[in-house]
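Load the model in your viewer and keep the selection panel open. Each stop below tells you what to pick and what is there.

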Amino acid sequence: MILPANETPGLIVTNGASRAGRAGSFASSGLVITITPDTFGPDPLAGIAFQEKWERRAFEATDQTYQLPAQRASDYLNCKTSDGTLDTSYPFGGRWTDIRSIIPGPIAEALDRALPILEGKCPGFAGADGIITAPETRASAPLRIVRDRESRQAVGIEDLYPVGEGAGYAGGIISSAVDGIASAERIITVYAPTG
């Protein structure tokens, strides 16, 4: 399922989720594309402003409806407007949108290279039945809460253990879990009963 994940009005942010039985009528896969600070500038808060710019652009591209921006993968590659029925798991529905208009240039370039490769390995992935939706801009935080490498505690804040995506140390469910386990193991060694 594609779910709304924004916490601020006027933005569209999505995230993917799977039910335990994975028995839904849609398949979903995310393509994670790294954006480095040279794309948005050296200011520590520039990454957040960069995310919000594209989240706001998605909201505006769908006439401020909170519908999911979507485009057929084949239409995206051919710079063509999609039309016809749009079925999606997104609770607010979807709206055909020129995805290139709501993503940064480096992401468009990466998709232009990746989609034909994925289509070659998994026929249909980038065909007329493949739908590109956007944006999922928060696979990892644009800021990192600095932590001590050994203790895993936040630098300067005792007993605070920054972990996972929100703290800037992971980019998904599995990497967040692994990061959390490593911190939990550290906490256990520090606070384990002695004797």
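Two strands pair if DSSP finds at least two bridges between them. Helices (H or I, at least four residues) and strands (E, at least two) are DSSP runs, numbered from the N terminus. This is a predicted model: local features need pLDDT of at least 70, side-chain atom pairs count only at pLDDT 80 or more, and totals for chains, interfaces and linings use all residues. Residues are numbered from 1 along each chain as its sequence is written, and side-chain values use heavy atoms, with hydrogens and water left out.

**Stop 1: strand E3**

Select residues 68-72, which form E3. Five of its five residues are buried (under 20% relative accessible area; exposed is over 50%, partly exposed in between; 1.4 Å probe, protein chains only). Leu68, Ala70 and Arg72 point one way from the strand, and Pro69 and Gln71 point the other way.

Leu68 has Gly94 as its bridge partner in E4.

**Stop 2: Gly130**

Step to Gly130, in the loop between helix H4 (105-121) and E5. Its relative accessibility is 11%, so Gly130 counts as buried. What does Gly130 touch, not counting residues up to four places away in sequence? Gln71, Arg72, Ala73, Gly124 and Phe125, where contact means heavy atoms within 4.5 Å. For a distance check, pick Ile48: Gly130 and Ile48 are 82 residues apart in sequence and 29 Å apart in space, C-alpha to C-alpha.

**Stop 3: Arg147**

Go on to the loop between strand E5 (131-133) and helix H5 (173-191), and select Arg147. Arg147 counts as buried because its relative accessibility is 15%. Show the side chain of Asp179: the side chain of Arg147 makes a polar contact with it at 2.7 Å. A polar contact is a pair of N or O atoms within 3.5 Å; within protein, one must be able to donate a hydrogen and the other to accept it, and residues adjacent in sequence count only if both atoms are side-chain atoms. Beyond four places in sequence, Arg147 also touches other residues, including Arg152, Tyr169 and Ser183.

**Stop 4: backbone angles**

Most residues other than glycine have a negative phi, and most peptide bonds are trans. Select Ala134 and Pro135: a cis peptide bond joins them, with omega about -5°. Pro135 is in the loop between E5 and H5.

Next, pick Gln64, between helix H2 (46-61) and E3. Its phi is near 55°, and Gln64 is exposed at 54% relative accessible area. Then pick Cys79, between helix H3 (73-77) and E4. Phi of Cys79 is about 50°, and Cys79 is exposed at 60%.

**Stop 5: the second largest pocket**

Select Met1, Ala17, Ser18, Arg19, Arg22, Ala23, Gly24, Ser25, Phe26, Ala27, Ser28 and Ser89, which line the second largest pocket. On a 1 Å grid over the protein atoms alone, a pocket is an open set of points where a 1.4 Å probe fits, with protein on both sides within 12 Å along at least five of seven lines; lining residues have an atom within 4 Å of a point. The second largest pocket holds about 180 Å³ of space, a volume being the space filled by probe spheres set on the points.
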